[in-house]
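Subject: Structure handover

Hello,

Here is the structure you are taking over. My notes on it follow below.

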Amino acid sequence: RSNEYIVRIRGVEVDRGEFIPDAYMAMNPGTATEELDSIQTREPAFGLPAVWISASRRAEAEMMGYTVVDPASVIATHLSEIIKANAAELLSRQDTRNLIDNVKKTAPAVVEDLIPTHMSVGEVQRVLQNLVRERISIRDLITILEALGDAAGTYKDIDVLTGVRSRMGRSICSQYAGPDGMAVTTLEPSLEQVLMDSLDATDHGTFLAPEP
């Protein structure tokens, strides 16, 4: 439709949304004092209920406690979330080679110790894909490659090698920790054991395969 956009990855649609160019999107963060009578919609990145309002009503909506966003920011946020959700698919082998080459300029010993003696570029790519699939930043690539260098001599399974995330504990935890620390959910020990026993190691990775 005229106000609709579609996002495709390699020609396949992954999501879509719509916007009104001259309007603003207003969302109730839970603190709004009144309902806004306007065009009902949904915020595309997170699926939150929202309304489109005219520019002249922006100040009114903000006074009522709504979060008001312009169309360009709505689309940018949606696109950003799509990229995060599909980062593993977007990270190509050539991208991985470029990242490794950049590390090699400043830390050649880290790369030479790992590639090609213990791992190929393709295997490093698969580890990085696993990490970004878990929304773990791979910006600190030197730490990741150093951890792989320590582990690759002993382990060959890509899912096991993805355990390099343990070396990035501080940065991972900082994403989720609030002022009072970090909320934790634990599994009942017998359930945890059932899940551990159901791990099925194959040539293509390790998968969870519990009995029905």
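In what follows, two residues are in contact when heavy atoms lie within 4.5 Å of each other, and a residue is buried when its relative accessible area is under 20%. Please keep in mind that this is a predicted model.

Helix 7 and its surroundings

Helix 7 spans residues 141-151. Of its 11 residues, 8 are buried, so helix 7 is largely enclosed by the rest of the structure. The buried ones are L141, T143, I144, L145, A147, L148, G149 and A151. The elements covering them include helix 4, helix 5 (108-114), helix 6 (121-133) and helix 8 (158-161).

Helix 4 against helix 7

Two packed helices are described by the angle between their axes and the distance between those axes. For helix 4 (residues 93-106) and helix 7, the angle is about 90° and the axes are 10 Å apart. Angles of 65 to 115 degrees count as roughly perpendicular, and the two helices are therefore roughly perpendicular to each other. On the helix 4 side, the residues that meet helix 7 are L99, I100, V103 and T106. Helix 7 contributes L141, I142 and L145. By class, this contact has 6 nonpolar residues, 1 polar residue and no charged ones.

The peptide bond joining I115 and P116 is cis, with omega about 0°. P116 sits in the loop between helix 5 and helix 6.

Two arginines have a positive phi although neither is a glycine. For R10, phi is about 50°. R10 belongs to the loop between strand 1 (4-9) and strand 2 (12-18). Its relative accessibility is 59%, and exposed means over 50%, so R10 counts as exposed. For R135, phi is near 60°. R135 lies in the loop between helix 6 and helix 7, and with a relative accessible area of 39% R135 is partly exposed.

A buried loop serine

Leaving aside neighbours within four places in sequence, S198 is in contact with F207, L208, A209 and P210.

Regards

How values were computed. Residues numbered from 1 in each chain as written. Predicted model: local features only at pLDDT ≥ 70, side-chain atom pairs only at ≥ 80, totals over all residues. Heavy atoms only, no water. Axes fitted to C-alpha atoms, helices over the stretch in contact; angles between N-to-C directions. Helix = DSSP H or I, 4+ residues; strand = E, 2+ residues; numbered from the N terminus. Parallel < 35°, antiparallel > 145°, perpendicular 65-115°, else oblique. Nonpolar A, V, L, I, M, F, W, Y, C, P; charged D, E, K, R; others polar. Buried < 20%, exposed > 50% of the residue type's maximum accessible area, 1.4 Å probe, protein only.
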